[in-house]
Amino acid sequence: MADTTGEGAGRTALVTGAAGGLGRSFALGFAARGYRVAVADVNVAGCAETAHLIRDRGGPTPWHGELDVTSEESTRQVAESVAAFGDGRIDVVVNNAAVYGAVTRSPLEEVDPAEWDLVMDVNLKGPWMVVRACSPFLPEGGRVVNLSSATVYSGSENWLHYVASKGGVIALTRVMAKELGRRSITVNAIAPGFTLTEASYGLMDNAEEYGVDRTALRRAGRPDDVVGAALFLAGPDSAYLTGQTLVVDGGRQFV
Ligand SMILES: NC(=O)c1ccc[n+]([C@@H]2O[C@H](COP(=O)([O-])OP(=O)(O)OC[C@H]3O[C@@H](n4cnc5c(N)ncnc54)[C@H](O)[C@@H]3O)[C@@H](O)[C@H]2O)c1
């Protein structure tokens, strides 16, 4: 059941890539705290399902729609629609959309340049395009949360383009924090460790066991494990925290 008097009351949060996986968990988590949630994705049917789940759990009626984070036109249209839904404001942007599960793992000599471009377009240019479009509607006290990855710190082999794109997200977060900080908007990143989403299950047979022995908490990460970090970075308790990256990986990397 949604807490309509919670910290999200009267605030609007846009979650990109919310058709499933972590994005859906963020959307449900924000709605449960009383945020008006806007869910956007290239996968329109998945978004509609996320919106349906929010309504089913008694959350405030969400906005849902198609978004291609690589498109100037699409990001502009979505930002305008979500701002109209949010009475002129987009209080929180969660930049979660990415190509992840479908990215080919191969040695650096064999990375397809076309796939490199796609990964950079969606994972690195995408968060910029979204923030650029939402910027006019981000109020004082607004929040941006970008999804990086703990792979940046482990330097996962045979995943050069994906890891590099997520490293870029950390760099982009710092610049955005300085530029938007002048308007009292915070910009932070979350770097999840391996987390059990549909996409992760598709990557290997033994996903539940993957890396668990190297994790301080000795269990696999679940989407809900990452939601709390996003709520913290979106909420009032992180007002003086910006440009940072929170690693949420059960204690696998210490950075
Ligand atoms: N699952 C993990 O282990 C893990 C670990 C570290 C970081 N991450 C990051 O967390 C985020 C979510 O991961 P996930 O496991 O839920 O993956 P996922 O593939 O389920 O989610 C990504 C979503 O982005 C959407 N998307 C792809 N291209 C898009 C575009 N051009 N415009 C709009 N939406 C687009 C997809 O349709 C999908 O719904 C990603 O940024 C991923 O890189 C995941």
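This is a predicted model: local features need pLDDT of at least 70, side-chain atom pairs count only at pLDDT 80 or more; totals for chains, interfaces and linings use all residues.
**Figure 1. Surroundings of Thr215.** Thr215 is located in the loop that runs between H7 and H8. Its relative accessible area is 4%, which is under 20%, so Thr215 is classed as buried. Apart from neighbours within four places in sequence, the residues in contact with Thr215 are Asp249, Gly250, Gly251 and Arg252.

**Figure 2. Largest pocket.** The largest pocket holds about 930 Å³ of space. Its lining is made up of 48 residues, and Ala98, Tyr100, Gly101, Tyr162 and Ala199 are the closest to the pocket centre. At least two lining residues come from each of helix H1 (21–32), strand S2 (36–41), helix H5 (151–154), helix H6 (160–181) and helix H7 (198–201). By class, 22 residues of the lining are nonpolar, 18 are polar and 8 are charged.

**Figure 3. Aromatic cluster of Tyr100, Trp159 and Tyr162.** These three residues together form one aromatic cluster. Tyr100 and Tyr162 are also among the residues closest to the centre of the largest pocket. The ring of Trp159 has the charged end of Arg105 over it, at 4.1 Å from the ring centre.

**Figure 4. Aromatic pair of Phe194 and Tyr210.** The model contains 5 aromatic pairs. In the pair shown here, the ring centres of Phe194 and Tyr210 are 4.9 Å apart and the ring planes meet at 70 degrees; the pair is therefore edge-to-face, a class that requires planes over 60 degrees apart. Phe194 belongs to the loop between strand S6 (186–192) and H7, whereas Tyr210 belongs to the loop between H7 and helix H8 (223–234), so the pair ties together parts that lie 16 residues apart in sequence.

Figure 5. Tyr210, at 32% relative accessibility, is counted as partly exposed, because its value falls between the limits of 20% and 50%. Arg214 is positioned over the face of Tyr210, 5.9 Å from the centre of the ring.

Technical notes
Residues are numbered from 1 along each chain as its sequence is written. Side-chain values use heavy atoms; hydrogens and water are left out. On a 1 Å grid over the protein atoms alone, a cavity is a set of points where a 1.4 Å probe fits but cannot get out, and a pocket is an open set with protein on both sides within 12 Å along at least five of seven lines; lining residues have an atom within 4 Å of a point. Grid points are joined across faces, edges and corners, and a volume is the space filled by probe spheres set on the points. Helices (H or I, at least four residues) and strands (E, at least two) are DSSP runs, numbered from the N terminus. Ala, Val, Leu, Ile, Met, Phe, Trp, Tyr, Cys and Pro count as nonpolar, Asp, Glu, Lys and Arg as charged, and the others, Gly among them, as polar. Rings of Phe, Tyr and Trp (its six-membered ring) pair if their centres lie within 6.5 Å; planes under 30 degrees apart count as stacked, over 60 as edge-to-face and the rest as tilted. Buried means under 20% relative accessible area, exposed over 50%, partly exposed in between (1.4 Å probe, protein chains only). A charge sits over a ring if NZ of Lys or CZ of Arg is within 6 Å of the ring centre and within 35 degrees of the ring normal. Contact means heavy atoms within 4.5 Å.
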